[in-house]
Amino acid sequence: MRITYVSFAMSIIWGSFAVVGIHFCRKKPFFIRKLGVRKLLLLYFLSVVRMMVPCEFPFTRAFLPEGFWEGIGKNAYTQEAEAALPLVFSVLALIWAGVSVVLLVRFGRRYMKSMQECLGYKVCEGARCQMVFRKVLNECGGQMEISVRQSRHIRVPMGIGILKKSILLPEGSYSDSELYYILLHEYTHFRNRDLLVKSLVSVFCCIYWWNPAVYLLKEDLPHLLEIQCDLDVTEGMQDRDKADYLRAIVSVLKNAGAKRKEKTFYGAAMLVAGTCVAETVERFRLVSMEPAGKEKSRLLAASWLSALLLLFYLSYAFAAWPGYGAPGKEAGAGFSGEDYPAAEADSFVDIMRNTESTHAYLRGRR
């Protein structure tokens, strides 16, 4: 197992292609209904892993046709280019690392500032709020230490904090039913570790800031997490209870529309992640749908998991190596990194750095 320039490029190509494809599938309600939210989240997870693990394994093989790189090598590969290549990669690596550090520091500072702001809000000590929250903890078997706070600076309820966890409520009046479902929703975010997932994705975006595909992931994630949280909250509920839950969300949306200003809290999980009507309607439809049978769901889940693992394996099984064989090999024969003598090179990058042997081989083919 090793990491080369080619394996790194392939990891970015495969991972980005997967993220873009999932993003457009997520925009179609049909895919969310048929695939399910957990499968889409799993697809995103595998895409992130593919980008974060740019390794080349012994079973990796070339997929480009013979002679694909030959014309490029004859026209573009010179001693001057070889001398400039390490400097170019060094400069790009420094720019990448420098910007990533700046973005990570900025995210950390903003997150800490959000936590300080949150902990400065008053704790809800009212008997009704405490009673409803204890009911939520008892039903969920809660063991986490979470404080419930109120603020006039927010429009929608949200959960915030990975270590010091808090549920923030906008100032206002709530019925017992609304308060119960709001607290249950936010507590479910903590149980699902959604805030940790969102923070890790933000860190991932800070590292791969130059890749436009990661911003599609950051855009889709809040909506998918909200849908999954809705489904977890309403699992096993009767239709009447589901209707009460959806009415609580509608009430939150109405109150949010009456407030214009809102502070930004980094790493928070909101009850309503956005104001898009289509996304809210989709959440309502998914909550109202009848769940599939357990046996059917297990069979589909096993099939999808097998297909995902196969695709994940294939993404590592093939790489854009040059399509001509090593000196002494028959024309048209496939090869792997082991086909080259160890004394010459260990990877495609090492071979291309060996100017004299590469040019001699190309002249021989001509």
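**Notebook: cysteines, rings and a sheet**

I started with C206: its sulfur is 7.1 Å from the closest cysteine sulfur, that of C205, which is too far for a bond. A disulfide would need the two sulfur atoms within 2.5 Å. I am working from a predicted model here. C206 is also buried, with a relative accessible area of 10%.

How many disulfides does the structure hold? I found zero. I then checked C124, which is in no disulfide either; the nearest cysteine sulfur belongs to C129 and is 4.3 Å away. C124 is buried too, at 9% relative accessible area.

**Aromatic pairs**

Next I turned to the rings, and I counted 13 aromatic pairs in the structure. One of them is F8 with W96, a tilted pair with 5.7 Å centre to centre and 45° between the planes. Which parts does this pair tie together? F8 sits in helix α1 (residues 5–26) and W96 in helix α5 (residues 79–119), so the contact links parts that are 88 residues apart in sequence. I looked up how open the two residues are: F8 is partly exposed at 26% relative accessibility, and W96 is partly exposed with a relative accessible area of 25%.

I went on to Y208 and W210, another tilted pair, with 5.8 Å centre to centre and 45° between the planes. Is Y208 buried or exposed? I noted Y208 as buried, at 5% relative accessibility, whereas W210 is partly exposed at 31%. I was pleased to see these residues come together: F8, W96, F204, Y208 and W210 form one aromatic cluster.

**Charges over rings**

I also looked for charged side chains over ring faces. R50 lies over the face of Y316, at 3.7 Å from the ring centre.

Last, I traced an open sheet of four strands, in the order β2-β4-β3-β5, with mixed pairing. Which strands stand at the edges? They are β2 (146–151) and β5 (269–270); each has a single partner strand, so one side of each is left without a neighbour in the sheet. As a reminder to myself, strands of a sheet pair through backbone hydrogen bonds, either parallel or antiparallel. For β2 and β4 (residues 165–170) I noted the parallel sense, over six bridges.

Key:
Residues numbered from 1 in each chain as written. Predicted model: local features only at pLDDT ≥ 70, side-chain atom pairs only at ≥ 80, totals over all residues. Heavy atoms only, no water. Phe/Tyr/Trp six-rings, centres within 6.5 Å; stacked < 30°, edge-to-face > 60°. Helix = DSSP H or I, 4+ residues; strand = E, 2+ residues; numbered from the N terminus. Buried < 20%, exposed > 50% of the residue type's maximum accessible area, 1.4 Å probe, protein only. Lys NZ or Arg CZ within 6 Å of the ring centre and 35° of its normal. Pairing = 2+ DSSP bridges.
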